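Reader: I would like to go through this entry feature by feature. Please give the general idea each time, then the case at hand.

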Amino acid sequence: MDLSFVVLQFLTGLAYASSLFLLAVGLSLIFGALGIVNFAHGSFYMLGAYLLYWVVRGDPEGLWWGLVVVAALGFVIGAATERLLLRPVYGRPEHYQILLTYALLLVIEDGVKLLFGSAYKSLGPPAALAYPVWIAGAPFPAYYFVQIALALAVAGALWFFLQRTRSGALVRAATQDREMLEALGVNVPRLLTVVFAMGIALAALGGAATLPMQTVSPGIAVEAVISAFIVVVVGGLGSVWGALLGAFLIGEIQAFGVLVLPEFSIAFVYLLMVVVLLVRPWGLLGRPPAVRT
Amino acid sequence: MKTNAWILAVLALLLSAPWWLPDYGLEVAIQALILALFATAFNLVFAETGLLSFGHAAFFGAGAYTVALLMQRAGWPYLLTLPAAVLVAGLLALVIGFFSVRTSRIYFTMLTLAFAQLVWAVVHKWYAFTGGDNGITGLHPGALWGDARALYYLALLLFALGFYLVRALHNSPFGYALRAIRDNPARAEAVGLSPFGYLLAAFTLSGALAGAAGFLQVAWQRSAFPDFLYWTKSAEAIIAAILGGAQALFGPALGSLVFVELGAFVQSRTEYWPLVLGLVLLALVLFLPQGLAGLGGGGRARG
């Protein structure tokens, strides 16, 4: 195994990790602030890919503005979903929330089939990125760098939002103590709507960003949501940096696991999830639950 | 007396079903019984301990693959594989439960999910042993069990036994101990109940029963597929249990009947069955929190 091959494999893992991060970070934010395990998260990711295909009408050159439109649509859809469906079940036992988001998964999967047909959809990268970059004598898709850059940009923007803005501080506070925040006069319901909408916008963006490299079908949702669970469980439920670390680990394990035991690379990933849950249930970068929970 | 009359009527209906149901209806009824057993098994843990397992597909699938492998590789007759299926599923539940029941709430759900997906990943890819994603097909459960009527009665018998077991456990000191641990773990421990032992026992029994459901599934489909172990299979049991009402002993069975019958009905008219199911579930969660069993006035909730 020579060095250029390792580098290439590493970059491939990084590209995969990038889309995992966009997919999972919203799930983590939503769990952190709303306490809801969103089984429909992968469905919004899948929906994002279809929305991109729809808004650019199959034209790869529309990718850039298409991504912006999809993220905006994701935000609106997320806000509406939170208002109409999730708000009534806050405070109810967890299994109702799980059932509700699972129902949403079913509705979105079939809704997409109904609207877009069940055929696979694909969209090549824009012409400027349709060529491979040569790294150490081996071809590497240029578009992967876009995905990596996008994930890093989102991570940076999230860091700025959460650490450097007032709204971000409120979101962080909501993950710690919602009641206290309410007592301080913060409009918590509106805050939760925004967090959920942001999470959905990121998932939709993540799904849309993979479309130039992958064909999508409605069925990718059930796989995507499990991948997102693995990432946030490994990284720590509710933690943005955990999602980044988790996505990185899973992406690279997949990329290099294929070399060691090609058939069981996915099993390694589940094994990591099991081990983390046993040794450090709150995840690598998560906080142990407070005593009161 | 009125309750007894109802029970007799339901029993008569169930026992006579193969003689008046059309062929297709009978196939659907068998599927409903299998899911009913699976969901009742799942609910043993969910209702009595409050722990939501998202990994019961692993036990269902372990039972199914035990049957399929023993029949295909060792030439065992179908019926003889039942104890093995229950045993293997129970052992797997013992192992997974040993690690999982100590954790609480969302971590328990995630850990059972992770374990089950790990088992699925191995079964899905281990072509040499499990046939990988092709599954194990072309199994012949013998002349008698190839007959839908015989299989129906077998499924009915196993479901009845499973239901009886869950009911007996519910009313036993064991059941009271489980609910004490569910409602107030600290106090339960203070009076000398060890949560770990009780939870592990309940989880193991539940897994073994789910294995019996997997045993039936093999005869119904004459095959075993990795899908039996995928997380959406676990979701089916959860849906059926909550749809019917997890707090009623018969809730999961009722939910399974509605789930499977509604599915068959909708599927004969449109391919968009998941969409209909999703909308039904949304309505259920938003407007009918007690499940279908809650429609009967709510007074029947278990105590």
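Reader: How many residues of chain A are in contact with residues of chain B?

Author: Two residues are in contact if their C-beta atoms, placed from the backbone, lie within 7 Å. By that criterion, 34 residues of chain A are in contact with 31 residues of chain B. This is a predicted model, in which local features need pLDDT of at least 70 and side-chain atom pairs count only at pLDDT 80 or more, while totals for chains, interfaces and linings use all residues. Residues are numbered from 1 along each chain as its sequence is written, and chains are lettered from A and ligands numbered from 1 in the order in which they are written.

Reader: Which helices of chain A each supply at least two residues of the side that touches chain B?

Author: Helices (H or I, at least four residues) and strands (E, at least two) are DSSP runs, numbered from the N terminus. On chain A, the helices in question are α4 (94-116), α9 (220-235) and α11 (265-279). Of the side that touches chain B, α4(A) gives the most, with 14 residues.

Reader: How do the residues of that side of chain A divide into nonpolar, polar and charged?

Author: Ala, Val, Leu, Ile, Met, Phe, Trp, Tyr, Cys and Pro count as nonpolar, Asp, Glu, Lys and Arg as charged, and the others, Gly among them, as polar. The side of chain A that touches chain B has 27 nonpolar residues, two polar and five charged.

Reader: What does the secondary structure of chain A come to?

Author: Chain A has eleven helices and two strands. Along its sequence the pattern is α-α-α-α-β-β-α-α-α-α-α-α-α. For chain B the count is 14 helices and zero strands.

Reader: Why is chain B described as being as compact as a globular protein of its length?

Author: The radius of gyration is taken over C-alpha atoms, and the globule rule is 2.2 Å times the number of residues to the power 0.38. Chain B has a radius of gyration of 19 Å, close to the 19 Å that the rule gives for 303 residues, so chain B is as compact as a globular protein of that length. Chain A, with 293 residues, has 19 Å, which agrees with the value near 19 Å for a compact globule. Along the principal axes, the C-alpha atoms of chain A fill a box of roughly 60 × 45 × 35 Å, and those of chain B one of roughly 55 × 45 × 35 Å.

Reader: What percentage of the 293 residues in chain A do buried residues make up?

Author: A residue is buried if 20 or more other C-beta atoms lie within 10 Å of its own, exposed if 12 or fewer, and partly exposed in between, with C-beta atoms placed from the backbone. Buried residues make up 50% of chain A and 49% of the 303 residues in chain B.
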